[in-house]
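The following paragraphs lead the reader through one protein structure. Please keep the sequence and the three-dimensional view at hand while reading.

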Amino acid sequence: MTQTPATSTRPHPLLVSLGLVDHPRVVIDITGNETPESDGIIVVTNPSTGEPLAGVRLDDKDSYEQTTARSVEAFKKFRLVPAPKRGELVRRIGVEYRNVLEELGSLLSLEMGKIKAEGIGEVQETIDIADFAVGLSRQLTGITMPSERPEHTMKEQWLPLGPVGVITAFNFPNAVWGWNAMLAAVCGDTTVWKPSLLTPLTAIATNMIAEKVASEMGFEDIFQLVIGTDDVVGETMIADRRYPLISATGSCRMGRRVGSVVAGRLGKCLLELGGNNAVIIEPDADLDLALKSTVFGAVGTAGQRCTTTRRLIIHESIADSFVEKIVKAYETVNIGDALDDSVLMGPLINEQSVQQFENAVSEAVKQGGKLMTGGERIDGKGGHFVKPTIIRAPANNELPMAYNETFAPIMYVFTYKTLEEAIDMQNSVDQGLSSAIFTGSSNSAQRFLAPTGAGSDCGIANVNLGTSGAEIGGAFGGEKDTGGGRESGSDAWKVYMRRQTCTINYGTELTLAQGIRFE
Ligand code: UN1
């Protein structure tokens, strides 16, 4: 852990108003020298200023064990509660988040560095999924099917699954838990959440609210947290058979590890991993719309969404003029403290991210990429700021660096002649999360969405809107190295339940399937 200076004696007002200063995990008086190894405390810093915010006490193997055991016991009771009543719990949680929307969103921005509008938007996303889950609590429906046997009926029912282990990344420290925990709760499951060590304060504040509502309704230990290192907590959790489902969001490298360990014990995994998302722009597109959407997709959250637009694939006839416009737009982006209302782009999460950004830029330029704007860190502001960056691939479109997902605001530009070539280029990366096309032609839009599967190979495919900012009502996730999981809306709830096929004989005869006679 890097050393940070001591906190000022006064905690940040948001830590006071959200009750974090009184939380047993939160340590306000820190020296800045604490490390997870020596003291079991991690120091959380504000990425906009580099200043420490507070210390957070970490779990060890014993406390992990106690939390998991409590979750198992709580599940046994919670599954007995009727699903619409579980929906009532989630409804009340949604109300509580509405009451602290601005404060919790601001804390998220303070700790993670996304601008306040996005911080508040993220908490809104949790409120939205809570509302969705409330309705769902009366719609966890199975189907019936005709039996081939006389006087028999068949049906499917969906049953609570068990404690769900939820592992989340720093970039969505509230909503990704919300997607999982709100659905899991109406499905009758308990949740144990392992948040990123870069954003534990948002996790503590978020979970504390859900926990309080649950306890008030007599449902203790439904929502719990384990905060710890990957070695101590992460590895133990993914190998733990008491979690029938591990839902993990993060890098492809992390997903490979989680996927293989959970598969090794034949558990279920829901993986939402990296993206290398592209926008295709056709010559007949509404270019103003394409411009605004692409800037939001590439620069929003300082390029730290899994849905960030990382590649622009533009028709050669409009490439020069469009790139000129987008470079101009980039140069007007106000960069600064995430909590300053006039700012459009906040910092990267830490110094390591800034270094990864710098390495990616210099590597891409070495490979023949042309730096159109940005490409450098901004010194003198205290935080981890970089300039939003556009790098144009050489005329032969060969730029190996563009195959990597760098969690930073770098967009690579490629050109094409035919739509087929553009779609191939888009699909040529390892990941398959989000994709978009801007076009005025319904023919091109349909080819991009072709039901044959010959269009976009991503889990998300948009027409005339960008790659990021999905609504909660649809299933969220992607194919290939993105991990194949689906969270949030549509029928994503099914992964939090187990399916049971039930055949009932209401007659008195034994009739065997497949016409087998056994007399
Ligand atoms: C993520 O970056 O892990 O579609 C999630 C979006 C957001 C969720 C992003 N609703 O950009």
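**A guided reading of the structure**

Phenylalanine 322 has a relative accessibility of 2% and therefore counts as buried; buried means under 20% relative accessible area, exposed over 50%, and partly exposed in between, with a 1.4 Å probe and protein chains only. The structure is a predicted model, in which local features need pLDDT of at least 70 and side-chain atom pairs count only at pLDDT 80 or more, while totals for chains, interfaces and linings use all residues. Residues are numbered from 1 along each chain as its sequence is written, and side-chain values use heavy atoms, with hydrogens and water left out.

Phenylalanine 322 belongs to helix H12 (residues 319-331); helices (H or I, at least four residues) and strands (E, at least two) are DSSP runs, numbered from the N terminus. Apart from residues up to four places away in sequence, phenylalanine 322 touches Ile281, Leu287, Ala290, Leu291, Leu312 and Ile314, where contact means heavy atoms within 4.5 Å.

Another helix to locate is H14 (residues 419-427), in which Leu419, Ala422, Ile423, Met425, Gln426 and Asn427 are buried. The buried residues of H14 pack against several elements, among them strand E11 (277-281), strand E17 (410-416), strand E19 (434-438) and helix H15 (442-448). Asparagine 462, in strand E20 (residues 460-463), has a relative accessibility of 16% and so counts as buried. Its contacts, leaving aside neighbours within four places in sequence, are Ser435, Ala436, Ile437, Phe448 and Thr467.

The view may now be widened to the domains. The domain assignment divides the chain into domain 1 (13-55), domain 2 (79-273 + 483-501) and domain 3 (277-474); such bounds come from an automatic or database domain assignment. Taken over C-alpha atoms, the centres of domain 1 and domain 2 are separated by 26 Å. Their contact takes 17 residues from domain 1 and 20 residues from domain 2. Between them, these two domains bury about 1500 Å², of which 77% is on carbon and sulfur atoms; buried area is the accessible area (1.4 Å probe) that two parts lose on being put together, summed over both. On the side of domain 1, Leu14, Leu18 and Arg25 lose the most area to domain 2, together 36% of what that side buries.

How many salt bridges cross the interface of domain 1 and domain 2? The rule finds zero there, a salt bridge being a side-chain nitrogen of Lys or Arg within 4 Å of a carboxyl oxygen of Asp or Glu. In the whole structure, however, the search finds 26 salt bridges. Side chains of opposite charge can pair when their charged atoms come close.

One of these salt bridges joins arginine 305 and glutamate 118, whose closest N and O atoms are 3.0 Å apart. Arginine 305 lies in the loop between helix H11 (287-299) and strand E12 (309-315), and glutamate 118 lies in helix H6 (residues 116-136), so the pair ties together parts that are 187 residues apart in sequence. Both arginine 305 and glutamate 118 are buried.

A second example connects glutamate 351 with arginine 377, with a distance of 2.9 Å between the closest N and O atoms. This pair links distant parts of the chain, 26 residues apart: glutamate 351 is in helix H13 (residues 351-366) and arginine 377 in strand E14 (residues 377-378). Glutamate 351 counts as partly exposed because its relative accessibility is 30%, and arginine 377 counts as partly exposed because its value is 25%. Elsewhere, salt bridges that share partners join Glu65, Asp240 and Arg242 into one network.

Strands E5 and E24 belong to an open sheet of three strands in the order E4-E5-E24, with antiparallel pairing; two strands pair if DSSP finds at least two bridges between them. Strand E4 (144-146) and E24 stand at the edges with a single partner strand each, so one side of each is left without a neighbour in the sheet. E5 and E24 pair in the antiparallel sense over nine bridges, and proline 160 stands opposite methionine 497 in E24.
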